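Dear colleague,

I am handing over the structure below, together with some notes on helix packing. Please read them alongside the coordinates.

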Number of protein chains: 2
Amino acid sequence: MDRRQQKTRNAIYDALTELLKKKKFEDLTVQDIIDEANIGRSTFYSHFETKDQLLEEMCREMFEHVFSHDLAPEAGHDFSGGHKGIAERLTHVLYHISEHKENISAILGGESEQTFVRFFREYLEDAFDDVLGHVNTKVPKDFRKQFIIGSFVETVKWWIATGLKLAPEQVVEYYLTLIGGGSK
Amino acid sequence: MDRRQQKTRNAIYDALTELLKKKKFEDLTVQDIIDEANIGRSTFYSHFETKDQLLEEMCREMFEHVFSHDLAPEAGHDFSGGHKGIAERLTHVLYHISEHKENISAILGGESEQTFVRFFREYLEDAFDDVLGHVNTKVPKDFRKQFIIGSFVETVKWWIATGLKLAPEQVVEYYLTLIGGGSK
DNA sequence: AAAATATCGAACATCGTGTTCGATATCATG
DNA sequence: CATGATATCGAACACGATGTTCGATATTTT
């Protein structure tokens with residue numbers, strides 16, 4: 001591949017990484033990016049069709065290059081029989097995320113869906129108050145709170161995405177079953 | 001309040017509800033809304049500063065008018081001592097959501113943050129494969145899968161939002177503790 | 001050295017936003 | 001019902017971002 005292309009591509013990626021420290025992705029303009037990257041306007045559009053495609057490709061590269069080694073057991077470094085434990089693997093993922101926290105935090109801090117979810121969470125905080133009080137556990141309360149609320153929100157999003165096929169009671173029953181044993 | 005204001009406001013809300021059946025919120029233009037509502041451009045802006053404020057207010061009204069009765073025990077209809085069970089209350093919430101599924105599905109189906117989360121979920125599906133195989137339970141596999149992945153994604157989002165204060169190991173430990181007991 | 005190709009950057013058309021203002025229609029009130 | 005208040009209308013405008021085009025220039029490949 002032509003060195004100029006690589007140079008431009010890196011300049012764009014670096015610019016985006018830099019800009020994400022200051023602004024949310026959806027607030028960035030193409031002008032911001034090409035100014036920061038110091039490239040011509042038409043050059044940007046010869047590499048990416050839109051700003052969103054840039055994000056798409058950046059995410060793809062992150063997962064291909066940064067996280068790709070977490071799942072596959074590394075030959076020669078693994079003495080447990082070629083199969084890493086789930087705890088260890090998840091730990092690695094979290095470490096990688098913390099190494100790239102500028103980028104990922106900015107990307108994960110999006111808007112749009114958030115407006116509704118924000119109200120929903122606020123509402124659920126009250127609904128879950130008593131559930132949180134009645135258990136003894138070594139897991140801190142704020143963590144349990146986050147967990148219970150977050151997983152319920154995700155359950156509801158999944159329920160909607162799959163076309164509301166389960167009855168509400170069924171969803172609640174399954175959900176409480178999975179939550180129930182977890183408070184030890 | 002002046003009848004004209006109420007009329008306009010309802011026209012806007014109805015228009016938004018109608019349009020959300022066809023398009024995602026972030027793809028709607030103010031022009032779309034005022035055309036559907038059949039009002040003048042300046043009229044829209046005399047009611048709402050931006051499109052986002054419209055969504056904000058609509059969400060607020062939904063939670064105030066639709067969900068407000070789920071938490072407070074209704075006097076005269078509750079024979080269990082003035083305190084509804086969590087299952088019953090959550091069921092009510094889900095019912096209300098299903099009654100408003102057009103609006104809520106459209107609002108919850110946002111973009112932005114999703115790009116990253118989509119890759120993240122795909123990645124986690126592989127990582128969680130073995131966890132899902134080794135348990136006997138009456139909760140369907142696709143539900144458990146959604147639950148485990150969704151709650152982990154939410155945990156990570158929370159971890160990032162609170163400034164990565166916990167060590168990765170700690171996060172994983174807490175998370176697995178809460179998940180562990182739930183697979184019965 | 002020559003041919004191929006990537007970048008530059010200015011100019012342009014297009015679209016959505018949010019504002020302004022005078023004319024018109026509707027309302028609340030006495 | 002008459003009148004002052006106020007909400008709506010709708011055209012016009014300035015602004016900013018998007019994505020395209022094209023000839024000139026610079027760099028790379030062979």
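Predicted model: local features only at pLDDT ≥ 70, side-chain atom pairs only at ≥ 80, totals over all residues.

Residues are numbered from 1 along each chain as its sequence is written, chains are lettered from A and ligands numbered from 1 in the order in which they are written, and side-chain values use heavy atoms, with hydrogens and water left out.

In chain A, helix H4 (residues 51–65) packs against helix H7 (residues 101–108) at an angle of about 130°, their axes being 13 Å apart. Helices here (H or I, at least four residues) are DSSP runs numbered from the N terminus, and axes are lines fitted to C-alpha atoms over the stretch in contact, with angles running from 0 to 180 degrees between N-to-C directions. H4(A) and H7(A) are therefore oblique to each other, since angles under 35 degrees count as roughly parallel, over 145 as roughly antiparallel, 65 to 115 as roughly perpendicular and the rest as oblique. The contact (heavy atoms within 4.5 Å) is made by A:Leu55, A:Met58, A:Cys59 and A:Met62 of H4(A) with A:Asn103, A:Ile104 and A:Ile107 of H7(A).

In chain B, the axes of H4 (residues 51–65) and H7 (residues 101–108) come within 13 Å and cross at roughly 135°, and H4(B) and H7(B) are therefore oblique to each other. Here the contact involves B:Leu55, B:Met58, B:Cys59 and B:Met62 of H4(B), and B:Asn103, B:Ile104 and B:Ile107 of H7(B).

With regards

Terms used
Helix = DSSP H or I, 4+ residues; strand = E, 2+ residues; numbered from the N terminus.
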